Amino acid sequence: MANQRRLADNANRYEAGHTGVPRKGSALLQGIAICGRCGRHMSLRYTGPNGDYPVYCCRFDRDQRGGALCQEVRALPVDALVERLLLDALVPDQIAIAIAAMGQLEEESRQLERQWTLRRERARYEAERARRQYDAVEPENRLVARSLERTWEEKLRDVDAIEEEHARWRSQEPLGNGAADRAELQALGENLPRIWHAVTTAAADRKRILRFVVREVVLDQRRAQGQVWLKIVWQTGATSEHCLQRRVHTYRDYIDLERLRRRITELNNAGKMDKEIAASLNQEGFVAARGWAFKGENVWLLRTRWKIPTTKINGGSANPMRWPDGTFSIQGVAVELGITSQTVFDYLAHGHLAGRQLTKGQPWQIDLSDEQIDRLRARLRRTKRSRKEAS
Ligand SMILES: [Zn+2]
């Protein structure tokens with residue numbers, strides 16, 4: 001148990017002290033995000049109900065002085081911008097520099113591998129020595145033999161543990177095969193976007209690619225209201241500055257709130273369901289709170305908050321008599337002809353009226369000309385008369 005804990009500690013220490021090498025996880029700038037306010041490396045934490053929503057944070061003030069956080073920057077929008085800039089920037093020049101940078105990383109990796117080799121050799125040597133000591137003792141000297149046997153076992157366990165630890169390090173070390181990596185990088189220049197977006201390209205690979213070209217990214221979200229300012233320090237030493245509209249935390253802060261409300265109202269009036277409205281909003285480039293895409297539930301929530309009633313039939317009072325295109329609603333036809341909604345449905349079913357729904361469950365739009373109204377009213381009078389005569 002203690003051993004396992006120690007191994008885990010070692011692994012953590014190793015990872016913490018080795019920020020240059022990409023690790024698993026979704027945040028692209030992990031390890032190279034620098035706080036634009038105090039110049040310190042930003043750490044990464046995961047938030048959200050599933051703990052999968054990354055945030056770059058500078059904890060300096062809180063940790064050192066017990067004060068407020070220096071700043072926290074939501075990772076996904078920043079990552080998306082850096083990704084876009086990277087894909088634009090990765091031209092042949094940059095590829096050449098990346099290959100040179102790769103040489104450095106390889107050298108670093110080789111040095112670490114040498115350290116591992118020494119540790120592994122020493123562990124094996126210790127185990128072998130313990131075996132020889134056990135081998136040398138007379139079996140009748142049981143107490144000593146048992147003690148030496150235990151020592152031998154312990155040393156063997158150490159060998160296993162170190163081998164395991166090494167294998168784990170090896171699997172996390174991305175630069176396993178320099179030549180192959182270089183070839184891959186060369187190919188990368190030819191079709192980076194395809195490789196970048198390929199399903200088979202893991203998050204760690206993307207970070208690796210990024211580090212070949214980008215040294216660090218400085219983030220500051222207090223410089224300008226509602227924006228994240230970022231400076232990319234490229235491996236060439238060149239820098240570029242960019243601004244990103246900040247995604248705010250609540251709908252209330254939404255910068256285009258009024259535009260959003262208007263659009264939802266329009267789409268709702270056009271008889272679309274919440275899910276369809278969400279799809280349209282996403283297509284039109286609207287972004288929900290926290291930078292997420294809209295879902296039906298978001299639209300429902302906003303409609304409720306803004307008191308935009310659904311135009312679905314079962315919310316009868318919500319339907320106008322006539323739609324903007326001149327067609328009638330079920331209610332409209334019912335009032336016009338002096339019949340119940342149920343009768344209107346019967347008429348539709350029997351072809352006395354022609355109408356359509358965008359989709360099932362959506363309001364009916366019924367064509368009803370003046371001539372039709374007269375004809376149907378006459379028909380209703382006849383029916384009433386014949387009923388009276390029959391009774
Ligand atoms: Zn800071």
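The pLDDT is the predictor's confidence in each residue, on a scale from 0 to 100.

**Figure 1. Overview of the predicted protein chain.** This is a predicted model, in which local features need a pLDDT of at least 70 and side-chain atom pairs count only at pLDDT 80 or more, while totals for chains, interfaces and linings use all residues. Residues are numbered from 1 along each chain as its sequence is written. The pLDDT of the protein chain averages 77, and 73% of the residues score at least 70. The protein chain holds 14 helices and 9 strands; these are DSSP runs, numbered from the N terminus, with helices (H or I) of at least four residues and strands (E) of at least two. Of the 391 residues of the protein chain, 20% count as buried. A residue is buried if 20 or more other C-beta atoms lie within 10 Å of its own, exposed if 12 or fewer, and partly exposed in between, the C-beta atoms being placed from the backbone.

**Figure 2. Confidence at the start of the protein chain.** Among the elements of the protein chain, strand 1 has the highest mean pLDDT (95), and helix 1 (residues 2–16) has the lowest (38). The pLDDT is below 50 over residues 1–24, a stretch with 23 contacts in the model beyond near neighbours in sequence. Two residues are in contact if their C-beta atoms, placed from the backbone, lie within 7 Å. Where pLDDT is low, the predicted coordinates should not be read in detail.

Figure 3. Two strands pair if DSSP finds at least two bridges between them. Strand 5 (residues 214–220) pairs with strand 1 (residues 33–35) in the parallel sense, over 3 bridges. C35 has L219 of strand 5 as its bridge partner. With strand 6 (residues 227–234), strand 5 pairs in the antiparallel sense over 6 bridges, and here L219 stands opposite L230. The hairpin of strand 5 and strand 6 has 6 residues between the strands, and in it G226 takes a positive phi near 75°.

Figure 4. Strand 2 is joined to strand 3 (residues 53–58) by 5 bridges, and the two run antiparallel. V55 in strand 3 is the bridge partner of R45.

**Figure 5. The contact of helix 10 with helix 11.** The axes of helix 10 (residues 274–283) and helix 11 (residues 296–305) come within 7 Å and cross at roughly 105°. Helix 10 is therefore roughly perpendicular to helix 11, a description used for angles of 65 to 115 degrees. D274, K275, I277 and A278 of helix 10 make the contact with G296, N298, V299 and W300 of helix 11.

**Figure 6. The surroundings of G355.** G355 lies in strand 8 (residues 354–357). Because 19 other C-beta atoms lie within 10 Å, G355 is partly exposed. Leaving aside its neighbours within four places in sequence, G355 is in contact with L348, W364, Q365, I366 and D367. G355 and S329 are 26 residues apart in sequence and, from C-alpha to C-alpha, 9.2 Å apart in space.

Notes:
Axes are lines fitted to C-alpha atoms, for helices over the stretch in contact, and angles run from 0 to 180 degrees between N-to-C directions. Angles under 35 degrees count as roughly parallel, over 145 as roughly antiparallel, 65 to 115 as roughly perpendicular and the rest as oblique.
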